[in-house]
Amino acid sequence: MNWLAHLYLSEPTPEFRLGNLLPDLVPARALTEFPPAFQEGIRRHRRIDAFTDTHPLFRQSIRRLGPEYRRYGGVLVDMFYDHILAREWDSMASQPLPEFAAEVYASFEAHLARVPPEARYRLLSMRSTNWLCAYRELEGIRLALSRIGSHLRRPIDLGLAVTALEREYERFHEDFREFFPQLAAHVVPVETRTNSGH
């Protein structure tokens with residue numbers, strides 16, 4: 001899953017939320033240097049990814065992509081699901097998405113000095129261009145995927161893959177709606193789900 005899903009499936013503390021993003025930002029060898037409050041989020045991130053990557057519904061979504069994009073299927077479906085989560089947010093969370101995003105961005109401020117410069121740059125970019133809310137729009141997903149594709153060893157405009165999302169939108173939506181509650185049930189403790197509305 002991508003950043004919005006990881007944050008949604010976090011405990012509501014800055015350290016846990018940031019820890020749940022760190023494996024996408026920091027080399028694995030450096031993750032051990034973070035304090036225990038961050039390690040809980042790091043473990044949640046890995047649990048989310050392990051469940052997602054092998055789940056039949058997620059694999060089914062990857063197969064919905066054309067052959068030209070299947071190689072990048074995990075990245076693309078992660079982003080497509082974040083888009084659908086952003087669109088469905090009001091029915092899944094008690095706090096409005098813009099409010100949630102602003103709270104998350106602000107909460108990272110005190111911890112930016114802990115993360116390496118490249119990770120800090122990406123977190124600041126997330127805030128300055130409001131990635132989490134931008135995921136609601138197809139153009140926001142297109143820009144995010146183009147940004148990801150430009151950093152690959154062999155750059156490719158992954159933003160073009162949004163056509164696959166548009167073409168199969170209802171089927172991706174159906175996959176997400178069946179998959180995401182299973183993911184939440186797998187990774188979020190029962191008492192947390194009860195208290196937070198997950």
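Predicted model: local features only at pLDDT ≥ 70, side-chain atom pairs only at ≥ 80, totals over all residues.

Trainee: Why is Arg59 called partly exposed?

Mentor: Its relative accessibility is 38%. Buried means under 20% and exposed means over 50%, with partly exposed in between. So Arg59, at 38%, counts as partly exposed.

Trainee: Which residues is Arg59 in contact with, leaving aside neighbours within four places in sequence?

Mentor: Asp53 and Thr54. A polar atom of the Arg59 side chain also lies 3.3 Å from the backbone oxygen of Asp53.

Trainee: What makes that pair a polar contact?

Mentor: The cut-off for a pair of N or O atoms is 3.5 Å. The Arg59 side chain and the backbone oxygen of Asp53 are 3.3 Å apart, so the pair falls within the cut-off.

Trainee: Let's look at Arg44. Is it buried or exposed?

Mentor: Arg44 has 9% relative accessibility, and the limit for buried is under 20%, so Arg44 counts as buried. You'll find Arg44 in helix 4, residues 36–54.

Trainee: What does Arg44 touch, not counting residues up to four places away in sequence?

Mentor: Leu9, Ser10, Glu11, Phe16, Asn20, Val187, Val188 and Pro189. Take Glu11, which sits in the loop between helix 1 and helix 2. The side chains of Glu11 and Arg44 make a polar contact at 2.9 Å.

Trainee: How do you know that Glu11 is buried?

Mentor: Its relative accessible area is 17%, and that is under 20%, so Glu11 is buried.

Trainee: Why is helix 2 described as largely enclosed?

Mentor: Helix 2 covers residues 14–21, and six of those eight residues are buried, so the rest of the structure largely encloses it. The buried ones are Phe16, Arg17, Leu18, Gly19, Asn20 and Leu21. They pack against helix 1 (3–8), helix 4, helix 7 (97–108) and helix 8.

Trainee: Where is Asp157?

Mentor: In the loop between helix 10 (138–150) and helix 11 (162–167). Asp157 is partly exposed, because its 37% falls between the 20% and 50% limits.

Trainee: How do you know that Asp157 and Ser146 make a polar contact?

Mentor: Their side chains are joined at 2.7 Å, and the cut-off is 3.5 Å, so the pair qualifies. Asp157 is also 7.4 Å from Leu145, C-alpha to C-alpha, with the two 12 residues apart in sequence.

Trainee: Now the whole chain. How many helices and strands are there?

Mentor: 13 helices and zero strands. Buried residues make up 48% of the 198 residues.

Trainee: How do you know that the radius of gyration agrees with a compact globule?

Mentor: For 198 residues, a compact globule would have a value near 16 Å, and the chain has 16 Å, so the two agree. The C-alpha trace spans about 40 × 40 × 30 Å along its principal axes.

Trainee: And what about contacts between residues at least 6 apart in sequence?

Mentor: Of those, 66% join residues at least 24 apart.

Trainee: How many positive and negative side chains does the chain have?

Mentor: 25 positive and 26 negative, and the centres of the two sets lie 6 Å apart. As for the surface, the chain exposes about 9800 Å², and carbon and sulfur atoms supply 52% of that.

Key:
Residues numbered from 1 in each chain as written. Heavy atoms only, no water. Helix = DSSP H or I, 4+ residues; strand = E, 2+ residues; numbered from the N terminus. Rg over C-alpha atoms; globule rule 2.2 N^0.38 Å. Buried < 20%, exposed > 50% of the residue type's maximum accessible area, 1.4 Å probe, protein only. Contact = heavy atoms within 4.5 Å. Areas by Shrake-Rupley, 256 points an atom, 1.4 Å probe, with all protein chains shown as cover. Lys, Arg positive; Asp, Glu negative; His and termini not counted. Charge placed at Lys NZ, Arg CZ, Asp CG, Glu CD. Polar contact = N/O pair within 3.5 Å; in protein donor to acceptor, adjacent residues only side chain to side chain.
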